[in-house]
Amino acid sequence: MNLPWHLYLMASLYIIAGLNHFRKPGMYLKIIPSFFSNPKLINILSGVAEVIFGILLLIPVTSHFGAWGIIATLIAVFPSNLYMYQNKKASFGLPKWILFLRLPIQIVLIFWAYQYTF
């Protein structure tokens, strides 16, 4: 496999983040908006998705599927980022300005993943 180093970096970040959903589920459960009825299931599904899509990024024939999956996941978890900004209990005590800056970073991450969709 001769993939670019930044694809390995992206895949590693999502695989590690996905595994972290199982290592520290409380951290993720805290940021899932209360209007979702089954936060434990959402945590599991998003963790599994990040791991699977991260692995797919590493396989040349499936990397474009992995990239589209990452984009879908980033869109799906955006409500949690917004919830962190709006809800003090979900903010981990981070300053509002950091939580606000985090919101457009999703666009950067989506653009990064989009580079591997073709």
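**Exercise 1. At what angle do helix H4 (residues 63–86) and H5 pack, and how far apart are their axes?**

Solution. Step one: helices here are DSSP runs of H or I with at least four residues, while strands are E runs of at least two, and both are numbered from the N terminus. Step two: H4 and H5 meet at an angle of about 175°, and their axes lie 9 Å apart. Each axis is a line fitted to C-alpha atoms, for helices over the stretch in contact, and angles run from 0 to 180 degrees between N-to-C directions. Step three: H4 is therefore roughly antiparallel to H5. The cut-offs are under 35 degrees for roughly parallel, over 145 for roughly antiparallel, 65 to 115 for roughly perpendicular, and oblique for the rest. Step four: sorted by class, the contact of H4 with H5 has 18 nonpolar, 3 polar and 2 charged residues. Nonpolar covers Ala, Val, Leu, Ile, Met, Phe, Trp, Tyr, Cys and Pro; charged covers Asp, Glu, Lys and Arg; the others, Gly among them, are polar.

A note before you go on: this is a predicted model, where local features need pLDDT of at least 70, side-chain atom pairs count only at pLDDT 80 or more, and totals for chains, interfaces and linings use all residues. Residues are numbered from 1 along each chain as its sequence is written, and side-chain values use heavy atoms, with hydrogens and water left out.

**Exercise 2. Which residues form a nonpolar patch on the surface?**

Solution. Step one: the members are Met27, Phe92, Leu94, Trp97, Ile98, Phe100 and Leu101, with about 670 Å² of accessible area together. A patch takes residues with over 30% relative accessible area and no salt bridge, joining nonpolar side chains (Val, Leu, Ile, Met, Phe, Trp, Tyr) within 5 Å and like charges within 9 Å. A salt bridge puts a side-chain nitrogen of Lys or Arg within 4 Å of a carboxyl oxygen of Asp or Glu. Areas come from the Shrake-Rupley method with a 1.4 Å probe, and for residues only the protein chains shown count as cover. Step two: helix H5 (residues 96–114) gives the largest share, 4 residues. Step three: Met27 sits in helix H2 (residues 25–29), and Phe92 is in the loop between H4 and H5. Step four: Phe92 has a phi near 60°, a positive value in a residue other than glycine. For comparison, most residues other than glycine have a negative phi.

**Exercise 3. Is Leu7 buried or exposed?**

Solution. Step one: find Leu7 in helix H1 (residues 5–23). Step two: Leu7 counts as buried because its relative accessibility is 2%; buried means under 20%, exposed over 50%, and partly exposed in between (1.4 Å probe, protein chains only). Step three: look along the chain to Trp112, 105 residues apart from Leu7, and find their C-alpha atoms separated by 9.3 Å.

**Exercise 4. Is Arg23 buried or exposed?**

Solution. Step one: Arg23 also belongs to helix H1. Step two: at 61% relative accessibility, Arg23 is exposed. Step three: Arg23 and Lys96 are 73 residues apart in sequence and 27 Å apart in space, C-alpha to C-alpha.
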